[in-house]
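Work through the exercises below with the model open beside you. Try each task before reading its solution.

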Amino acid sequence: MCGRAQAVSTMADDDLENLPGVGPATADKLTDAGFNTYESLAVASPSDLATKADVGDSTASDIVRAAQNAADIGGFETGTAVLEHRQQIGKLSWQIPEVDDLLGGGLETQSITEAYGEFGAGKSQVTHQMSVNVQLPKEAGGLRGSVIFIDSEDTFRPERIDDMVRGLDDEVLQAAMDDREIEGSPDDEDAMDELISDILDKIHVAKAFNSNHQMLLAEKAEELAQEHEDTEWPIRLVCVDSLTAHFRAEYVGRGQLADRQQKLNRHLHDLDRVGNLYNAAILVTNQVASNPDSYFGDPTQPIGGNILGHKSTFRIYLRKSKGDKRIVRLVDAPNLADGEAVMRVQDGGLKPE
């Protein structure tokens, strides 16, 4: 656990009974709903807690407030303290120097990164490549962690993971083998097969069949991240490909726009909570729409509205170019200048130009 949550050790389930108004029965309800630490309660909204744990609204508010006091979450701190917290944030390399420079080192943990673009722009290629890169040793640009992959468009392909692993540089492959204590070299087919199998074992994939199921999977992702928190391979990346497909298909027309945005907002907050509590990078892909009224400039606009625009810490626009070339444009970031980089989508994965 990292950041503010790092200061709080994981509490046993019985400790919940020390909170005001929480007896054995309520503690069981909270645990069954996935709230079995002070920090998970402290960052929950009272309405969400009341719904999931089947407790009254006033009781939920009291529990959240007490958990915030117990976990020392929610107070003010100095900028120096915030800077110290940010030293714990990891950077996941794309293995493409130009893109890493654009993003200040790579994908950032404890943040939501949105990649949007038209079909064929390379959004799913990015999620697959990051699912490989995150498992690399830290000295090779990875985070030495496992992956949660929520697939809403039937895009996940183990064969593509195989291609991308084989497409890594020999030095990176050797470092990954040494890290996993796999005997052999990149030239050894048996060693490569063992490495690929081990990498696939650390990608937890779930297919989302509708928006409600997708939101449920985000909640399950938090439980899975908690289970792996103290293991050798904690969750360090959560991919959602695509974030908006089901919401776009199920909520049609302006009459349902408010409902869609409210559900999308809640879904984003659930994902954000996983990233912040377990020091994971959140990577979501987004579909686009064309604005027919646009006479100048690029008519392509990401869907999801201001809700997604505000909640995404980093927004990346992927644009097709000639052949296998793709333009990676940083549209929004809190601490980085806008800019562009070039990469190529090849059989061996994402490569520098």
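Predicted model: local features only at pLDDT ≥ 70, side-chain atom pairs only at ≥ 80, totals over all residues.

Residues are numbered from 1 along each chain as its sequence is written, and side-chain values use heavy atoms, with hydrogens and water left out.

**Exercise 1. Check the span of helix 4 (residues 57–71).**

Step 1. Helices are DSSP runs of H or I with at least four residues, strands are runs of E with at least two, and both are numbered from the N terminus.
Step 2. The expected span is 1.5 Å times one less than the number of residues.
Step 3. Now find its buried residues (buried is under 20% relative accessible area, exposed over 50%, partly exposed in between, with a 1.4 Å probe and protein chains only). They are Ala60, Ile63, Val64, Ala66, Ala67 and Ala71.
Step 4. Their cover includes helix 1 (24–32), helix 2 (38–42) and helix 3 (46–53).
Step 5. Asp72 follows, with a positive phi near 55°.

**Exercise 2. Repeat the span check for helix 13 (residues 257–278).**

Step 1. Helix 13 has 22 residues, so it should span 32 Å.
Step 2. Its end C-alpha atoms are 32 Å apart, in agreement.
Step 3. Just after helix 13, Asn279 takes a positive phi of about 55°.

**Exercise 3. Is Arg160 buried or exposed?**

Step 1. Locate Arg160 in helix 8 (residues 158–166).
Step 2. Arg160 counts as buried because its relative accessibility is 14%.
Step 3. Trace its side chain. It makes a polar contact with the side chain of Gln125 at 2.8 Å. A polar contact is a pair of N or O atoms within 3.5 Å; within protein, one must be able to donate a hydrogen and the other to accept it, and residues adjacent in sequence count only if both atoms are side-chain atoms.
Step 4. The side chain of Arg160 also reaches the backbone oxygen of Asp347, at 2.7 Å.

**Exercise 4. Which residues does Val165 contact, leaving aside neighbours within four places in sequence?**

Step 1. Val165 is in helix 8. At 0% relative accessibility, Val165 counts as buried.
Step 2. Its contacts are Val132, Leu173, Met192, Leu195, Ile196 and Ile199.

**Exercise 5. How many aromatic pairs does the structure hold?**

Step 1. Rings of Phe, Tyr and Trp (its six-membered ring) pair if their centres lie within 6.5 Å; planes under 30 degrees apart are stacked, over 60 edge-to-face, the rest tilted.
Step 2. The structure holds two such pairs. One of them, Tyr116 with Tyr317, is stacked, at 5.0 Å centre to centre and 10° between the planes.
Step 3. Tyr116 lies in strand 3 (residues 112–116) and Tyr317 in strand 10 (residues 314–320), 201 residues apart.
Step 4. Both Tyr116 and Tyr317 are buried.

Notes:
Contact = heavy atoms within 4.5 Å.
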